[in-house]
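Please consult the sequence and the structure shown below while reading.

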Amino acid sequence: MAISPQTFPPRKRRPSAGSFISPKLNDINLLHSLLHLTTQISSINRSTTLLLLKRSANAVVRKAKLLAVLFEDLIRNSDSGLASSSSSSSFLLCLEETYIVLHRIKTLIEDCSNGSKFFFLMQIETVADNFHKLTGELSTLLDIFPVHDLDLNDDVQELVILIRKHCLQSKPVIEDSERELRNEVVSVLESIKNEIIPDRSKLASIFERLEIRDSSSCRAEIECLEEEIQNRSEENSKSEIVALIGLVRYAKCVLFGASTAAAASSSVEVQRRKQPSELVVPADFRCPISLELMRDPVVVATGQTYDRESIKLWMDSGHNTCPKTGQTLAHTELIPNRALRNMIALWCREEKIPFDAETVTGRPISRVTNKAALEATRMTALFLVNKLKVPITNSQSMEDSNAIVYELRFLAKTDSDSRACIAEAGAIPLLVRYLSFDVGVHSPSLQVNAVTTILNLSILEANKTRIMETDGALNGVAEVLRSGATWEAKANAAATVFSLSGVPAYRKRLGRKTRVVNGLVQLARCGPEGPRRDALAAILSLAADRESVAKLVEGGAVEMAVEVMVAVPEEAATVLEAVIKRGGLVAVAAAYNGIKRLGAVLREGSERARESAVATLVTMCRKGGSEVVGELAAIPGVERVIWEIMAVGSVRGRRKAATLLRILRRWAAGLDGVEIEGFSTTTMSSATTVVVPTSNSVAQ
């Protein structure tokens, strides 16, 4: 067989301190600790039903129970004083080593009881050997235990001798039924690898014998397997675990059906409980491009930090400049910012936000896969899509569709292979029909799941083309954006626009669509904080295209940014800067009433918000001329604030602040040494010019 049980080496679990550190206690406290540990081992066995290797686990638990009698007797004798040998260093060392072995036994039983059943099954020979080795170590310790030198009664002495004898007779024990079950799993994986759909009855038998009997237990098993991947370093063993995940995910859909609508909604709610967008994320933890929490922060040639995915998308789109500073990048190497990443990971743990682990090199973990895992994913996607082809006729079928779409949503979230398989199975046109207003009215959760699935699919570059070329897909996303049944649906529609706009050609197409632009502006203006940020991120992405900026200005993006500046100053100032930079005098005129708000951001905003605000004001002053400069100069204390930014701001912020101060000083003197867009210049002398508005200044 191509898939061998030997490809599943022992789990690399991070051990607790008690697994390898001898407790530095006196003899009495150490005896109490040993007694407590043996009691814990007994309680683990009672509170959990070990599915596999029951004989091995029960045998070692019985030995721990018998040792508890020894420790109890030693504690009772401690009142009258232990024998002199009990205070010797060799006796204490024996107790300390016994503590370590018992702690390792406890850890092994916990792993077998609480970990993945499939993974446990596939490495059953290794686990059985571990039980045997620990029993052997216990036997060695009992050999040197000073039984005859201690004041023990005859029964306890005989008990120690009995335990030692049983330890010597121990050997690895695996039931024939357990070997047979493991071989059946290997056989199923092999058939999937060869693109053969596994027999349903055989699949059901395997899951029944492993006591995985419903969707929730399948989800728990998948979570355990994913945890195993994080505990491993070998690519080959990771690959085989991924195959097991694919098998469980396929069986979950085939044997137990898609999650019920209630379960799907509940699971979504759990996932949404603490999303980064719903918390106040520290400014330094957000990517300047996506405005989202950075998962893999990297530093570019200019020294600015971005999320790897966002800056890579920026570079892949043909840009050779730093988005934040505008400087040309000397090179395109991305240097991991490990210190910042560790700070973000710590913050996420404190806020109980899921944080995708990265490799120690700082590079994102590439999703490990193999042929069996890929075929299992393809079978799962095809199975779900075929079930989704049934037309919607009543509320019951809509509920069934909701459960299936939720499964697709969850599958599309996992990896690129899943996204490719779902799209290749023809899911996108079927999902589009659930984006309509009518579906949102009758089944809001179905609309949310559909648009979120499309969002997840759009992460894959090839799927962006599939989505844009699917009839009605873009209109459907725009419909959800404008009249979605829930804020979550609208937010995910905005995120879909942001994802699709990563391709320059699609950015132009999206920016020309009035319904998309109006929907984003309205969501940014009226939505709660999370959806508002999603909309602002999409608007910022569209603003990278000059043709789209005209539509954004026409759709009221400038006025909207001014309105929401109090609520989200960083995002609003960044959007305003991007739109005005390419929007001409019309954009400047629209932002004229927001100059005082930009001045407030200069005084009170975060470093990033102040940087965007000062850059926006520089652009407005250059494009708008004396009226804009005069409005800015009328803000009390503005010059002092600009001096402050010049002293403590970022490199770009200091440079822009110096430019703005120079503009203000020259305006105050009635002079300007630069030609301002939209105005003619009248020369006063070789060193001075006066700016006079012309007919070209009128907004077009």
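Across the whole structure, a search finds 4 aromatic pairs, a pair being rings of Phe, Tyr or Trp (its six-membered ring) whose centres lie within 6.5 Å, with planes under 30 degrees apart counted as stacked, over 60 as edge-to-face and the rest as tilted. The model is predicted, so local features need pLDDT of at least 70 and side-chain atom pairs count only at pLDDT 80 or more, whereas totals for chains, interfaces and linings use all residues. Residues are numbered from 1 along each chain as its sequence is written, and side-chain values use heavy atoms, leaving out hydrogens and water.

Two of these pairs are set out here.

| Pair | Class | Centre to centre | Angle between planes |
|---|---|---|---|
| Phe118 and Phe207 | tilted | 5.2 Å | 55 degrees |
| Tyr406 and Phe410 | tilted | 6.5 Å | 35 degrees |

Helices are DSSP runs (H or I, at least four residues) numbered from the N terminus. Phe118 is buried, with a relative accessible area of 0%, and Phe207 is buried at 1%; buried means under 20% relative accessible area, exposed over 50% and partly exposed in between (1.4 Å probe, protein chains only).

Tyr406 and Phe410 are 4 residues apart in helix α15 (residues 395-412), and therefore separated by about one helical turn. An α-helix has 3.6 residues a turn, so residues three or four places apart point the same way. Tyr406 is buried at 3% relative accessible area, while Phe410 is partly exposed at 28%.

In helix α21 (residues 473-483), the buried residues are Ala473, Leu474, Gly476, Val477, Ala478, Val480 and Leu481. These residues pack, by contact of heavy atoms within 4.5 Å, against several helices, among them α19 (444-458), α22 (487-500) and α24 (514-526).

Definitions and conventions
Helices (H or I, at least four residues) and strands (E, at least two) are DSSP runs, numbered from the N terminus.
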